[in-house]
Amino acid sequence: MVKQFRRLYLKEVDSTQRYLKELYAANPDLPPTLVWTTHQTAGYGRKGAPWIAPPGKSLPFSFLDRPQEPLPLWSARIALSLYETVRPYCFSPLYLKWPNDLHAPSGKLSGILIEAQWHGSSLAVAFAGIGINVYQASFPPDLRATSLEALGHAPPSLETLLDAFEAQYLSWQDVSPADVEASFTARLWRNGPFYINGQQIEGTLLAWKSDGTLLISTSRGPLQVEGHLLHLPWPPAVWPSI
């Protein structure tokens, strides 16, 4: 297969994201690189939330690239790549929970963390950290999570998933922004309520735009909001029929 990234496997690391950012700090000319492991001891997600990854049971990886487009659009391409990577292994519905986590009715399957560094107003480099629950058969009772093993069947190896993701990532780079917007919207969990600046809003997500805004249908009419201002309580009160 054609590969986008130089791959680096680590038997154990505290965080693939942290390791990759340190690599870049030491060499700003670092080519597109993907770091993965089978044992991550201190992974983290959005707002510093810990990512629990039992050794050999999940796939934590991070990669850097230099997208020549708005960061929200690049992030959506990654989320769509991840969705299509795991979809063949699942016998359950899957949804992207705003902004980009991947969930099934039984729990969270995967998370994405996007970080970036800038030179003034220009994007210098972007980092994507991803964790996929793969072979776990059970989770702590207070953790609403699931795995590919639990949702259907797991791939024969973690590298199989990496290969599939990389192929999807390359494929989604050629998709027009309008089609990315439509595809991302179609895979989103769109039912409210939502919180915007702490205020609860009942409604339904109508569309996501590549400038990072969301269009919401409310009883008072359509509302456009910047994505970073919207919080979606989780899990939803009612899931659709499976």
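Where is the place of Pro193? Select Pro193: it sits in the loop between α5 and β10 (194-196). Helices (H or I, at least four residues) and strands (E, at least two) here are DSSP runs, numbered from the N terminus. Look at the bond from Gly192 into Pro193, which is a cis peptide bond with omega near 10°.

Before moving on, note that this is a predicted model, where local features need pLDDT of at least 70, side-chain atom pairs count only at pLDDT 80 or more, and totals for chains, interfaces and linings use all residues. Residues are numbered from 1 along each chain as its sequence is written, and side-chain values use heavy atoms, with hydrogens and water left out.

Now jump to Trp234 and Pro235, which are also joined by a cis peptide bond, with omega about 0°. Pro235 is in the segment after β15 (230-231). Then pick Asn197, in the loop between β10 and β11 (199-201). Asn197 is not a glycine, yet its phi is positive, about 55°. Most residues other than glycine have a negative phi, and most peptide bonds are trans. Asn197 is exposed, with a relative accessible area of 64% (exposed means over 50%, buried under 20%, partly exposed in between, using a 1.4 Å probe and protein chains only).

Next, show helix α2 (residues 71-86) and helix α4 (residues 158-172). They pack at about 135°, with axes 8 Å apart (axes are lines fitted to C-alpha atoms, for helices over the stretch in contact, and angles run from 0 to 180 degrees between N-to-C directions). That makes α2 and α4 oblique to each other (under 35 degrees is roughly parallel, over 145 roughly antiparallel, 65 to 115 roughly perpendicular, the rest oblique). Residues making the contact (heavy atoms within 4.5 Å) include Trp74 and Leu82 of α2 and Phe165 and Tyr169 of α4.

Stay with the rings. Phe5, Phe61, Phe63, Trp74, Phe165 and Tyr169 form one aromatic cluster. Rings of Phe, Tyr and Trp (its six-membered ring) pair if their centres lie within 6.5 Å; planes under 30 degrees apart are stacked, over 60 edge-to-face and the rest tilted. The count comes to 13 aromatic pairs. Zoom in on Phe63 and Phe165: their centres are 5.7 Å apart and their planes at 50°, so the pair is tilted. Phe63 is in strand β5 (residues 58-65) and Phe165 in helix α4, 102 residues apart. Both Phe63 and Phe165 are buried.
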